[in-house]
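We will go stop by stop.

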Amino acid sequence: MRQLQLPFHFSTILIFTLLFVCPSSAQTSIDINRKLTPEQLIEDVTFYVKTIEETHINPYTHISQKEWRARADSIKSRIAAQGAMTQHEFWLLFTPLVSSIQDKHTLVIDPRFFIANNPTKYLPVRTVYVDGKIVVTSSVADVKIARGAVITSINGIESDEVIRRLSKYRFGVGRERISDVGEWLWIGAAEVLGRPDSFALSFSGGTKADVKGLTVSEIINREKAISDNLPKANDLPLELKLLDNNVAYLKASTFDHDLEKYRALLRDVFTRIKSAGVRGLIVDVRENDGGDSTLGDALIDMFSAKPQKRFRMKWKKSAQYAERMKNQKAPIPDYYQVLMPGQIYTSDPEVVKPGENPLRFNGRTYVLSGSKTFSSGLMFLGVVKDNKLATVIGEETNQPGCSAGESYPFNLPNSRLRVTSSTKYWIPPGGCHGSRGVVPDVLVKQGLEDFRTGRDAILRVVLQKLSDYTRY
């Protein structure tokens with residue numbers, strides 16, 4: 001499973017610049033002021049519906065085919081009534097149709113109106129969604145806004161209504177979309193709420209601030225100036241810290257890395273763990289944004305020798321995705337090649353029996369889960385939890401345990417919006433539980449006060465559980 005949406009933090013400023021200010025060649029530029037005819041836009045909607053139904057493993061998990069097609073027809077009717085539109089105006093109408101599929105791997109990539117010299121003014125305040133509130137994480141606004149401030153309204157619109165409106169432009173099940181609004185607010189407050197030049201913010205406690213909007217370039221430059229003066233973050237996918245009482249803390253922030261290089265990193269990390277005489281291991285995947293699940297399997301092999309079931313897979317054959325794999329010279333399994341378009345391959349549950357591993361850690365292991373553990377990070381959690389390979393502590397994942405993935409990207413023919421469709425569906429060893437995420441063995445929630453004080457409530461619980469075990 002691959003993640004295409006990236007969270008916005010200081011560490012991803014340059015990634016944001018590459019993705020949105022310098023679009024890839026696959027995302028052909030379009031004059032953002034050019035009007036597209038109703039016929040062109042209706043053709044785009046028709047093309048999208050047809051392509052989704054042909055390529056997506058099952059777009060009707062959370063919405064019926066009848067309702068979804070009715071929404072598509074309603075958009076066509078509104079286009080016919082409204083007439084010619086710009087790409088952005090069409091995006092406002094079209095994106096909620098994609099969002100209604102409720103699959104975070106099936107999305108609209110923020111389109112090409114994020115281009116160099118884009119005059120749109122955005123909210124220069126970064127936020128997250130915590131305890132049902134929009135909370136400030138950082139600001140480069142001209143007026144001072146404190147970290148931890150709770151935004152209660154924007155331009156007179158109450159925060160609950162802001163979340164409701166913006167969530168129609170995010171992807172995944174309800175809790176995923178709402179959580180994403182928190183980090184997307186700096187963009188969405190402009191794009192969805194009418195592109196104002198300034199933002200009147202109200203905060204809990206009654207304080208207010210009038211915030212002048214800034215362009216993407218201005219925001220990025222201000223944030224970069226701040227980040228240049230901060231300690232540089234470790235850009236490796238694994239970060240090891242040796243703590244007191246013979247405890248090792250291993251942060252696995254992503255599985256998006258070269259497999260052989262990742263295995264080399266694992267050998268180095270677990271050589272250090274073995275040399276240090278560690279008795280308790282903490283593996284933190286709370287910020288793991290996914291990538292290649294074989295990296296997660298390689299990590300599991302370093303701390304568990306138990307036989308384990310892996311995720312089962314359903315994979316839908318389509319002419320479009322087969323052609324994509326052929327063009328990319330990707331290996332195409334025989335079982336996929338023999339399918340007819342529209343047929344689905346279902347794998348048997350794979351049972352893995354780990355071999356000898358002299359570096360394998362044999363002490364007590366805890367795995368930290370978070371609401372944003374995503375894609376292959378979630379699959380790692382599911383294998384650990386359902387096979388009881390370690391104790392999972394933390395928050396339930398926002399992404400459901402049973403989820404679609406393996407995205408097929410394509411452009412709409414006229415508006416050139418870049419969209420994706422999920423071709424696979426993954427089922428954890430313990431089966432599906434509706435739209436529930438991976439639920440940890442021990443639930444611990446990070447609340448607003450934890451955020452404000454910088455307290456890691458989840459890590460504190462784990463360290464307390466390990467304190468007696470590792471001390472002697």
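Select α9 (293–300) and α12 (376–386). Each supplies at least two residues to the lining of the second largest pocket. This is a predicted model. The pocket holds about 290 Å³ of space. Now pick S293, D297, R310, E350 and W426. Of the 14 lining residues, these lie nearest the centre of the second largest pocket. What is the lining of the second largest pocket made of? Its residues divide into five nonpolar, five polar and four charged.

Next, the rings. The count comes to 18 aromatic pairs. Select Y48 and F94, one of these pairs. Their arrangement is edge-to-face, with 5.0 Å from centre to centre and 85 degrees between the planes. Y48 belongs to helix α2 (residues 38–55) and F94 to helix α4 (residues 87–99), so the pair ties together parts that are 46 residues apart in sequence. Are Y48 and F94 buried or exposed? Both are buried.

Move to Y335 and Y345. Their ring centres are 3.8 Å apart and their planes stand at 20 degrees, so this pair is stacked. Y335 sits in helix α11 (residues 334–337) and Y345 in strand β12 (residues 344–346), ten residues apart. Y335 is partly exposed, at 32% relative accessible area. Y345 also counts as partly exposed, at 23%.

Last stop: charges over rings. Select K104 and F374. K104 lies over the face of F374, 4.9 Å from the ring centre. Then select K317 and Y336. Here the charged end of K317 sits over the ring of Y336, at 5.3 Å from its centre.

Definitions and conventions. Residues numbered from 1 in each chain as written. Predicted model: local features only at pLDDT ≥ 70, side-chain atom pairs only at ≥ 80, totals over all residues. Heavy atoms only, no water. 1 Å grid on protein atoms, 1.4 Å probe; cavity = no way out; pocket = protein on both sides within 12 Å on 5 of 7 lines; lining within 4 Å. Points joined across faces, edges and corners; volume = space filled by probe spheres on them. Helix = DSSP H or I, 4+ residues; strand = E, 2+ residues; numbered from the N terminus. Nonpolar A, V, L, I, M, F, W, Y, C, P; charged D, E, K, R; others polar. Phe/Tyr/Trp six-rings, centres within 6.5 Å; stacked < 30°, edge-to-face > 60°. Buried < 20%, exposed > 50% of the residue type's maximum accessible area, 1.4 Å probe, protein only. Lys NZ or Arg CZ within 6 Å of the ring centre and 35° of its normal.
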